[in-house]
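Let's walk through this one together, a piece at a time. Have the sequence and the 3D view open as you read.

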Amino acid sequence: MAPTRINAVAFIGANNHPILIRSFVDNALKYHYIAHTSLDVIDERVSASPKDSYLGLLYSIDDVAVYAYITPLNVKVVLAIALADAVIPDIKVLMIFKTLHLAYYRAISNPFLALGNPPQPVSSPKWKNFNRQLDEIAHVVSSGA
Amino acid sequence: MAAPSQSAVVSYSATPGFLSSPTWTQIQQAFRAQFPLRNIHWKSTSRVSLVTIQELDIKLVALDSIREESVSQIPVNLLEKPLLNVYFVLCDDNDLETYRTTVRKHAKDWHATISARKNQEWLIIQVVKQDTKIQTGAFFQLKGTVLDKLRAEFNADKRERCVQLSWSSAQDSPMVWGEIVNKLKDGLLSAFEGALSQREEDVRRSESQRLMPGWNFCTFFILKESLASSFQSMHLLTEALMQYDELENTFADVLSNKNLSWFGSLITPAPRDDSAPLLSLSRKSYRDLILANTISIFDLRIYLLARQCQLLANMNQLPDACRRSASFLGAFGRRLREVQDSLWPFFVEGWIYSSALSVVDQCSEWEEGRKFDKTQLAVVNAGKGELLELARTQLDIIGVQSAHLPAKPPFSHALSLPAPIIETSGSELGNKDLARALSDKELFYDLYIGITNRAIDMYAQAGRRKFALKLHGSLAALDVHRSQFDTALTTYTSLPAHYAPHKWDALGGLMLSLALDTHQTLEKPKDGEWLHVLLSFLSAFSTHGPDLLLTKEDSAAYLHGLITAMRVSANDLKQDLIQSDHSAMSVRVHEQARLQADRDGILLDVTILNRLPCAIPIDEVGVVLAGAENVRLNFVAPFETLLPGKNTVTLACPASSPGTYLVDSSEVIMGKVVFRWSYRKDTGKVGRVTQKPHLVRIPKDHHALNVQIRQPKVVVLDQPSSLQVVINSGRNEVNSLILSLSSPTAVFRMAETSAVEPDVELTATKEEIMLNNIPKDKQLTLIVNHADVASSTMRVMVNVRYVTKMEPTITRQVMINQALLVTLPISVNVEDFFRGTRLFSRFTVSTTSHQHVRVASTSLECGHPGLKVVKCNSNGRDILSVTPAQPAHFLFFIDSDTPVRESLTLHVHYRMLRDEVQSLIEEAVHSVAEPATQGIIVELIVRALESDASWIEQYGLTNEILLPEAALQGVGHIEQLQKVKDILAQPGKDVRASGSWREMQIPVDVPSMNIVASVHLEFPSKDTVSSCYAGQAVPVKLGIRTSFNWDASAESDPSERQYQMQYDVEEMVRDWLVSGRKKGDFIAKDGETYTVELTLIPLHHGELLLPKVAVWALPVGGPLTMGSLSIPSTEAYQKHGAERIMVLPRGGRTTFVTVVG
């Protein structure tokens, strides 16, 4: 099966504030839009089944399939995967989400990070490490491992 | 393949005679009435859970009408063949004869036919006519019933397949069918399961051979599909869908293994392939194509999807159908693009476009006749919205590639790579709308807007606001492209507000920047509205910086242009535009303010952080500090350019009000635009974030103009209250000074103000006092009267504005908020004693607070010449200390021959111990230290003394002040401190002379008494007094002398007055026996003595006090009392009050006679 390619990852705070929107391809604006619009669908999913963390495929648009995951503290992770003509097993997507979730928790475990409301803006250097980790995750996933 | 039939086939058979009878018609009718069957519970052996088939229709056909098993190898729906065969036997239970002759053979033949068929069940129903039963009921039976016979002959295994039906044409009760229906269900399920397991086995076998050469997916597909359609016929939709899903997975597997040998191509485009309705099963004869092994992947996938969606629609899961379709279109569209070259231009886009729209239409069709609740409907609408958006995306692609739309965002989002422009007339396109739009720009735009609006509408119905926002944005982009800037501007300016609440600054910022661009293009005036947009944009830019999704190449230059334009339009604004808490800048106020060295004033450093990457031209920076009780200090400084990053500005305030202040707000002013940051905590939710209040400390300037409020030196109790305002000009030569006082509790009579010092240029109005020409280092004291205050302290707000000679243009301001203790530190009580013409007054001075008060002297003064006031001379220390525990007493006597009507005044000279010590310290420090350091040293010593109270006792005794060593450690000024310490520790200082004393003047009324009586008991001789025996009678003379000397109220001459009085000698039954008129009335006259003879007999020996005599006046009436009775005031004192009489025991012999016996 062709390797899954991650186009973008978005972390959105519990109050629907964007924490980080990282796109691994050009056209960052598009992924901002995707992250933003996903919130609507996430709301629908969460109200339908409030207990699930993994919200599954939200929708597919243009050439990406958008998946979402919600952490117990209501941080939303939105994943835009390049659309391929094959079903990506949920278990695999879930695994990616778990990895992303872990990376996020590692990042916010930084005691120097001000976890205010709203959270520190994306450009903050405190997120540098987190960004690097995300790049790595995307790279690993895309290489088909 | 057409849609699978929704019913199971059941065949029936009977003897020809029965079939042609009217009874059969009736029975058949009643039998059919039992269908469809409901609630069939299928517990399959191969499945875990119990599945319930809600409803299953039964197609009842005659056995003869069924064709023999088809010879075709194509696996068909399991339900196309009968699952159950029913044989009806019309025969009474005892009518064995009929059975044997007519039925039996026919039934045997039927049974033989049926048993030969695979996976078919059978059932024999014996119809017993109820009305005939009665006649045969009593018949003696030997050979069993027909039913028994039937069972014996056909029903070989355990399963009961013969049922009896008590038929009565009259009463058609559903009850009689109960058992038969159950048998029917059992039979159907059993047959179905048998057939199913066989078919599933076939499928498994076929699937396992997948990797073998010669295996054909199409064959497998048909086989598997037959399974799915069987499930569907049995109303097991979930099972059916599962089959299709498995098929899809297998297909994907096969595809990934590149085992495509049995497929001709991915797609063989047919003319209307790109526009036919996607989910229509009749779009092509898919099944034939599959059977012929000529189907393309394209068609197969569509067929699969159509089947799945059909099932989902039947299962009422429209949203799922929408989602699957959308995913499929996206995913398969991508695959098609790989072979784009073999297709005509825009085939893929056209196909997705038409298909998406057709799915929407199909959904709407399915929706009809079904009921959805609100949430379901929303989800369906959301699904439709997504599909419409997918169609719209295709328009984006087509638009960009046909040059109808520019190749830039948001139109280019759908294009993963920059696409070349394709010249085509679009004639091959199946969708004629699209084809026409391709050649006609306006038509294209209409189509674009139409589809977008449909999508927005759907999203709105689904409650997906954010999707709708995105589409609105794209419509605005189209407006820009079509040069309809006004509409675009309206949209762009309204959109950011929707992104703002959750800080989606990147998107909001983009909208704002687009709005600014559009504004620029329109060349509209850069007014307040434009400024608002720009300010919002700058705010977004400052938080996101380079992350903001600007399409601009050089954002710094772009920003610089904006700011320059902003500067121009900020000056042109008509009114101030206040921008609160803008994030492009932030102001940090330093905590410690500084004093200006050579003049009155405070400097405050402020750091302004400019978060924008370019310089901002501004005019002014200001900070407001808030102190207690609305004291506000305004700091301002002009400033020109805020460079990117930190800028430090020093602000000045021409005032000197020391203390701790809260930063209230800060401002950066650019023309009419005011950036304001408020630091108050009570501003809504923001205040909940734990933010420490930002404090600024302003040090005290000892050389600045200083105003203090004190209690006046002299307090006269029956005069209006006043206070002292002490103004110290400090280093300033003051041109003019305006002072005003205010207090929440008191009213000041400013117009009555007077100055203590002479030659003061003072003008007092009702509100203010103006002073002119005050030289340097001059102290002025003003007395200001005010109305009485109820509380013990009075808050006074002093506001002084002054102009110095040095800087006549600057008006400086000092605001001081001071609490003034209004109550006096001491209280005075008086006690009076009358003795004839003299009056003794004892004044008790006590402190009202915990503070020690020093009293220097007291005097009682009177203007009346005939009055003689003598102070009781206490020979003790000259200064008395009054402590809370120990009040001081002062005794005076007043001698007067005539009644006194004037009041006297008690003068008390006092001061607080604290003030006294402070003045001593100040004197000592003045003699030692430089003027510059005096203030500090005094403060240090006072603080040291405050910290330790042990010096007070010593000071009270010797006037030596011993400074506590510990408190003065390491504070500097060692030399001066040592000198001061030596001076203070010297004994025998003239404390009285140093510092100033306060004076309190208390008016004292001389008390009036109508009658002053003195009582005395007179013994006949001195001897009697000295020697008197117990039991000895002593004659005494009781004299009561009355005087009207202190009767100040009476107008007439005292000698003319007289009062009726009574006396009463006290009973002292243990000590004295009183004989005579011990109680009586008498007339009292001024200066006369009334005498009564009494005899006293002491009852025992010892030193005895004489009995007291009470004297009182009887009520009198008269002109003075206006007819009513009043009791004249009387004071009586016992002259002999302190005398004791020595009574001796009786001497000599005493004889006691006792009676004996």
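**A sheet in chain B**

Strands β19(B) and β21(B), the latter covering residues 722-728 of chain B, run antiparallel and are joined by five bridges. Strands here are DSSP runs of E with at least two residues, helices are runs of H or I with at least four, and both are numbered from the N terminus. Two strands pair if DSSP finds at least two bridges between them. Look along this pair and you'll find B:N706 opposite B:N728 in β21(B).

Before going on, a word on what you're looking at: this is a predicted model, where local features need pLDDT of at least 70 and side-chain atom pairs count only at pLDDT 80 or more, while totals for chains, interfaces and linings use all residues. Residues are numbered from 1 along each chain as its sequence is written, and chains are lettered from A and ligands numbered from 1 in the order in which they are written.

Now widen the view. Four strands of chain B make an open sheet in the order β19-β21-β26-β23, with antiparallel pairing. β19 (706-710) and β23 (748-755) of chain B each have a single partner strand, so they stand at the edges with one side left without a neighbour in the sheet. On average, neighbouring strands of this sheet are turned by 25° against each other, direction ignored.

Next, the helices. Two packed helices are described by the angle between their axes and the distance between the axes. Axes are lines fitted to C-alpha atoms, for helices over the stretch in contact, and angles run from 0 to 180 degrees between N-to-C directions.

Start with α11 (residues 318-338) of chain B, which packs against α13 (residues 374-401) of chain B at about 20°, with the axes 8 Å apart. That makes α11(B) and α13(B) roughly parallel (angles under 35 degrees count as roughly parallel, over 145 as roughly antiparallel, 65 to 115 as roughly perpendicular and the rest as oblique).

What about α12 (residues 347-367) of chain B? α11(B) and α12(B) pack at an angle of about 170°, with their axes 10 Å apart. These two are therefore roughly antiparallel to each other.

Finally, hop over to chain A. Its secondary structure comes to three helices and five strands, and from the N terminus on the elements run β-β-α-β-β-β-α-α. Of the 145 residues of chain A, 45% count as buried (20 or more other C-beta atoms within 10 Å of the residue's own, with C-beta atoms placed from the backbone; 12 or fewer is exposed, and in between is partly exposed).
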